[in-house]
Amino acid sequence: MDDALIPEGAKRCAFPIFMIGIIIVGAVLLWGVYAMFLCWFKGLNQTNMNDYYGFALWIWADLAVIAVGGGAFFTGLLKYIFKVDDLKNIINFAVIIGFICYSSALLILAIDIGQPLRGWFIFWHANVHSMLTEVAFCLSCYFAVLTIEFIPNILENRQVNKVPFFHHLAHNMHGVMAVFAATGAFLSFFHQGSLGGVAGVMFGRPFAYREGLLIWPWTFFLFTWSAAAFGPCFTLLVTKITEMITGKKLVGDKTVNLLAKISGWMITTYIIAKIIDTIYWAFVTAPSMGFKLGHFYSNNGFYGYWILITEVILCGVVPGLLLINKSTRENPATRTIAIILGVIGVCLNRWVMVLQIMAVPVLSFDTWALYIPSWQEVATTILPVAYGIILIAVAYRYLPVFPQELELNESADTAAQN
Amino acid sequence: MIENKKVHKFGMVIDLDKCTGCGACMVSCMSENNVPFKEDESNKKDSITWMRVYKLTNGKSFPETEIVYLPRPCQHCGGIGDHGHSPCVSVCPATATDYGYDTGIVSQIYTRCFGCRYCMGACPYHARYFNWWDPKWPEGMEKYLSPNVSPRMRGVVEKCSFCYHRYQLAREQAIVEDREIEEMEYQTACTTACPAGAIVFGDLNNPAHKVHQIVKPDPHPDPMNHKVVGKSRNPKVFRLLERLGTNPKVYYMSEREWVRKAGDNYLKGEWENVKTHHGASSSHG
Ligand code: SF4
Ligand code: SF4
């Protein structure tokens, strides 16, 4: 039915099957949209947030998607600036995932603020001292860059590309993409960093506060570093999931292993820095404010040492080692375990840096504030996931996302035809 | 225009040995500042209490049990080194909360706040409150609203302003009469309402004011922690979480050591050091 739109030579499932999938995910999406409108029209009383727990589930999701969306800037940097040519096989997909992550992040922010119609105040009345101001500026600019990076891929759709103007536009945009990749990397460095800074500068909250360099707390650098380290893991994970769903190999092993190797080294160096940061914070920063480590991890029903150990060791050191070691990296099973652990690790880090901060009591006579999200929060947190699945499905069906697809599936297809 | 040239530093001292926990300060604050309330106030975590009274105990069993009530308004933090970068002010992306260098008061511009709640995350005193609901006044009650204070809409953050409107009124009067504001001309609602006289309010910069005389603020940074400025030289006086360098302008006073110790977090053995140092610094005051 939609054959004319599908990339030449590519095999796709029948249109009705495709539509059934879209409708199922679309229903989840609508559920999220309904919750979103409730928050907009009735207000944030629809959530279980309160004055002690002013940031909630979706703010964590916001930071997590930005972190895992880091695969786009880092892969772009490697491909276009450091000329790691093999990554051309995955860069389109990395950009699409990045685009989804960043558009989701902006959407979540629009739901999160109490007065969405005043969102522009952050640009108009900008406070240059606030890390959040830097986040807002860089995030919006970087989203624009990602859109520019995504456009040539859309223009390569079989029908669109027949129009000479779009054909040449796509071609020329590819030619200048290095400029955008460089701009994106620059912007990403700052907004990933300033997201880390958001927590690190809160000197009234000893769990979050970090010392640092000039105006930047250590968390500034750790956030950028972790996004560059774990972002590619997420790109690989989504690629793997797409391959499983489509039943096709979409990216060659050489590219996958290369990206996994780079990610592995980034994770390993990051986690060393993270461990040093944690030790310095636990033994110097926090005690100088009257706190011992145990204060942040005990006397509550959820935040125990397990969270620190899981984040740093299980989901940091382990995936790092699995990915720098050639044999475990090239073994599909251990590689997949490593990238899953990596993605969980960075999400856990963002969880801790957003939510644990709120939960830890600071006044000596205060208590822990624990929190269970309302269904509206859950629905609006799942909303971007559903949107992402739909966008990936549509892009995969109609755009030439994976340049290696035909070559990797040629023999299987011919076999099927015979 | 003497008034415009003078740099004030308004602050408060709350005598915890006098406070009975009656809550008059909370009530007067709410009515003075048009603070909205919920139909059901049972969940205190999303109630708006610009002034909130905490109940502290020494944790001992009868007959040694002691209880103290600790009223907590916004502490009007001066930030690290008292440079005006309070925890909440420095983080607000839209400059919706600001530090008044001429008054030491941390303001909140409701019409500029867009509700990101970053300031709430940054304030360790939980002194900031979000309007989760649209304010609703029972029929007829809107007639009791103060015309000097704007009610706040859903989706913005609010907090104690040291009854800034009272300062504005007193200042205007003083400007017209070309003189300085008198101590008693500008007093917050909680101060005037407290039946026990536990709250004292005034200009910490003015040696004639009672707050200054009680607190005897140290003009030098704390030698043990340079982030801390304006420490009291009165050994009975302390601030909440002083060691973080938030530099609050609300001081507390108590004869009882356990109460003073509850003001901050200390590692094992640290309190003895701090206490000795605290006492020593008061000797030159
Ligand atoms: S007490 Fe909280 S709201 Fe008040 S000035 Fe300090 S940080 Fe800001
Ligand atoms: S909630 Fe309002 S006052 Fe607080 S940081 Fe955000 S914009 Fe500023």
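A residue counts as buried under 20% relative accessible area, exposed over 50% and partly exposed in between, using a 1.4 Å probe and protein chains only. The legends below describe a predicted model, in which local features need pLDDT of at least 70, side-chain atom pairs count only at pLDDT 80 or more, and totals for chains, interfaces and linings use all residues. Residues are numbered from 1 along each chain as its sequence is written, chains are lettered from A and ligands numbered from 1 in the order in which they are written, and side-chain values use heavy atoms, with hydrogens and water left out.

View 1. Look for Lys83(A) in the loop between helix H3 (70-81) and helix H4 (88-112) of chain A; helices (H or I, at least four residues) and strands (E, at least two) are DSSP runs, numbered from the N terminus.

View 2. Pro63(B) belongs to the loop between strands S2 (52-57) and S3 (67-72) of chain B.

**View 3. The surroundings of ligand 2.** Residues near ligand 2 (a heavy atom within 4 Å of it) include Cys92(B), Phe114(B), Cys116(B) and Arg117(B). The shell has 8 nonpolar, 2 polar and 1 charged residues, where Ala, Val, Leu, Ile, Met, Phe, Trp, Tyr, Cys and Pro count as nonpolar, Asp, Glu, Lys and Arg as charged, and the others, Gly among them, as polar. Cys116(B) is buried, at 13% relative accessible area.

**View 4. Where chain B meets chain A.** Here 58 residues of chain B are in contact (heavy atoms within 4.5 Å) with 52 residues of chain A. Lys45(B), Phe114(B) and Tyr118(B) supply 17% of the area that chain B buries against chain A, more than any other three residues. Buried area is the accessible area (1.4 Å probe) that two parts lose on being put together, summed over both; for these chains it is about 4,500 Å², with 59% on carbon and sulfur atoms.
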